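Here's a quick walk through some charged pairs. Have a look at the model, then follow the questions.

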Amino acid sequence: MSATGPSPAGRAAAEYRIEDLAHASGATVRTIRAYQDRGLLPTPERRGRANVYRDTHLARLRQIADLLDRGYTLASIKELLEAWDTGRGLGGVLGLVAEVHGPWTDERADRITRAELEVKFGGRSDDEAVSEAVELGVLEPVPGRDDEFLVPSPQELAVAVELYAAGVPLSAISGHLRELRGQVEQIASRFLEFTTEHVFARYLGHRPPTDADAAEAASMVRRLRPLAQQTVDAELARAMRTFATRHLEHHLAAEGPFTGHSALPPPTSVALPGATISAVERLVGRDNATAFITAATERELQSRTLDALAPSHVNTGIVNQKP
């Protein structure tokens, strides 16, 4: 790497050969050339038979790497960078990216050694359970440290420890987590669709969004971020109290074994209009009518259950604002 004379700011302006730029940025020479071909990097200065790169190229490579880490494709990154280069501004967009990609909880990650992990789970070594915890993301290997793990959610690990101490097998804990995760992801997806439709659609009319819209959307993310967790916490507490009460009443009153379904109210028959049944039979055939009506009912029930997770104060406040 070489430097020219002092710049107006009083410091030397750095110059890089492509090999030096690759070393400073962490990218490979091949990657840098591919970015040039895609138009992601400014054209370097040609000096003799060599290309000369500057700090602007290094800063751009770091921007690209950061956006790739956040899940953006090269095509979308190119759109963002073109917006920046044409003077439309990128500060608000990058702020929105940082806001969405940032932590959605106040919980802080921790570290744990393999020995400490074994102590928490009764002193037993279980390679299969550790592998499954890594697969689920409960534990993350620390590069270069075979005996140490990152714990993204110490609370989640603490729950597993308590359940194991209460007699729940590790295989049952991991199986329950897999099932629960799928259900929670459905809730998260539904809440995201809900807020996108009623709140964020107004900011997504441009690709990329304007700097002002992106900054306002980032502010809205900060305001709405806790609502999903608060709603789920409140609804879970309500449901746990209801079902736990029914469980206890059943155990105190009944002699037979308890099943999860016995806590639910008994099913009731619903008479459908004859015209509705006839229409369904014409659509899917008589043999398939019952299954079709059952599936449609289950979808409607699930949709209404998820809709109920949206708090009433959201419906009457921010969410009802029109674009």
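**Salt bridges, one by one**

At 33% relative accessibility, Glu45 counts as partly exposed, and this is a predicted model.

Q: Why is Glu45 called partly exposed?
A: Buried means under 20% and exposed means over 50%. Glu45 comes in at 33%, so it's partly exposed.

Q: What makes Glu45 and Arg47 a salt bridge?
A: The cut-off is a nitrogen to oxygen distance within 4 Å. Their side chains meet at 3.3 Å, N to O, so the pair qualifies. Arg47, at 39%, is partly exposed. Glu45 and Arg47 also belong to a network of salt bridges with Glu15 and Arg54.

Q: How do you know that Glu148 and Arg111 meet in a salt bridge?
A: The N to O distance is 3.7 Å, and the limit is 4 Å, so the pair counts. Glu148 sits in strand β7 and Arg111 in strand β5, so the pair ties together parts that are 37 residues apart in sequence.

Q: What makes Arg238 and Glu235 a salt bridge?
A: At 3.2 Å, N to O, they are within 4 Å, so the name applies. Both lie in helix α10, three residues apart, which is about one turn of the helix.

Q: Why is Arg238 called partly exposed?
A: Exposed means over 50% and buried under 20%; Arg238 has 48%, so it falls in between.

Conventions
Residues numbered from 1 in each chain as written. Predicted model: local features only at pLDDT ≥ 70, side-chain atom pairs only at ≥ 80, totals over all residues. Heavy atoms only, no water. Buried < 20%, exposed > 50% of the residue type's maximum accessible area, 1.4 Å probe, protein only. Helix = DSSP H or I, 4+ residues; strand = E, 2+ residues; numbered from the N terminus.
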